[in-house]
Amino acid sequence: MKMRQIRWTGYLLAMITALTLVTTMTACGAKKAARVLNSIGITLVHSNTPILTMHSTLQLDATGNYSDGSTRDLSNDVIWAGSDPSVASCKIGLVTGLGIGTTDITATLDDVTSQSFTITVIALSSVVVTP
């Protein structure tokens, strides 16, 4: 009788240990739902207007908005593109005016593309130097 009691106690102890171990491992190794990039926003840095002169530069930032409510700077990660490469180029968010006109800049990452951000490039009309 004692042998059965010892076996039953051993079996019960093994089951409790196994359940505790599985529960602990599941809690430690539980994966969170992967956050998904919902949208990308483009903003100007150190400027109020998206207008620049030829051969000058303007800095843009790309911010990712994720499904878990978080945001992240994606400026170095996105692919920057302009609708008219004769008007402006954009590399890592730095827009350089090349010719007079307008161009729409977009940022793309993981099949998510921002809304277009219109940049206008104008000619410098005059320079005034005062003493």
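User: Which strand is Thr102 found in?

Analyst: Thr102 is in strand S8. Strands here are DSSP runs of E, at least two residues long, and helices are runs of H or I of at least four, numbered from the N terminus. This is a predicted model, in which local features need pLDDT of at least 70 and side-chain atom pairs count only at pLDDT 80 or more, while totals for chains, interfaces and linings use all residues. Residues are numbered from 1 along each chain as its sequence is written, and side-chain values use heavy atoms, with hydrogens and water left out.

User: Is Thr102 buried, exposed or partly exposed, and why?

Analyst: Thr102 counts as partly exposed because its relative accessible area is 47%. Buried means under 20%, exposed means over 50%, and partly exposed is in between (1.4 Å probe, protein chains only).

User: How far is Thr102 from Thr118?

Analyst: Their C-alpha atoms are separated by 6.7 Å, and the two residues are 16 apart along the chain.

User: OK. Which strands pair with S8?

Analyst: S5 (residues 79–82) pairs with S8 in the antiparallel sense over four bridges. S10 and S8 are antiparallel too, with five bridges, and S9 and S8 are antiparallel with two. Two strands pair if DSSP finds at least two bridges between them.

User: Which residues stand opposite each other there?

Analyst: Trp80 stands opposite Ala107 in S8. Ile105 faces Phe117 in S10, and Leu109 faces Val112 in S9.

User: Stay with Leu109. Buried or exposed?

Analyst: Leu109 is buried, because its relative accessibility is 17%. Leu109 lies in strand S8. Its C-alpha is 6.5 Å from that of Ile79, a residue 30 positions away in sequence.

User: What comes between S8 and S9?

Analyst: S8 and S9 form a hairpin with two residues between them, and Asp110 in the turn has a positive phi of about 50°. Most residues other than glycine have a negative phi. Asp110 counts as exposed because its relative accessibility is 60%.

User: Where else is there a positive phi?

Analyst: His55 has a phi near 70° and lies in the loop between strand S2 (51–53) and S3. With 66% relative accessibility, His55 counts as exposed. Ile92 has a positive phi of about 50° and sits in the turn of the hairpin formed by S6 and S7, which have two residues between them.

User: How many bridges join S6 and S7?

Analyst: Four, and the two strands run antiparallel; S6 covers residues 88–91. Cys90 stands opposite Val95 in S7.

User: What else is joined to S7?

Analyst: Strand S3 (residues 57–66) is joined to S7 by three bridges and runs antiparallel to S7. Gln59 has Leu94 in S7 as its bridge partner.

User: Which residues are on the covered face of S7?

Analyst: Val95 and Gly97 are on the covered face of S7 (residues 94–97), while Leu94 and Thr96 are on the uncovered one.

User: Switching to side chains. How many salt bridges are there?

Analyst: One. A salt bridge is a side-chain nitrogen of Lys or Arg within 4 Å of a carboxyl oxygen of Asp or Glu. The side chains of Asp77 and Arg72 meet in it, at 2.4 Å from N to O. Asp77 is partly exposed at 37% relative accessibility, and Arg72 is partly exposed at 36%.

User: What does the charged end of Arg35 sit over?

Analyst: The ring of Tyr66, with the charge 4.1 Å from the ring centre. A charge sits over a ring if NZ of Lys or CZ of Arg is within 6 Å of the ring centre and within 35 degrees of the ring normal.

User: Which residues form the nonpolar patch on the surface?

Analyst: Leu124, Val127 and Val129, with about 360 Å² of accessible area together. Patches are made of residues with over 30% relative accessible area and no salt bridge; like charges are joined within 9 Å, nonpolar side chains (Val, Leu, Ile, Met, Phe, Trp, Tyr) within 5 Å. The areas come from the Shrake-Rupley method with a 1.4 Å probe, and for residues only the protein chains shown count as cover. Leu124 is in the segment after strand S10 (117–122) and counts as exposed at 59% relative accessibility.

User: Last one. How many helices and strands are in the protein?

Analyst: One helix and ten strands. From the N terminus on, the order is α-β-β-β-β-β-β-β-β-β-β. Buried residues make up 24% of the 131 residues.
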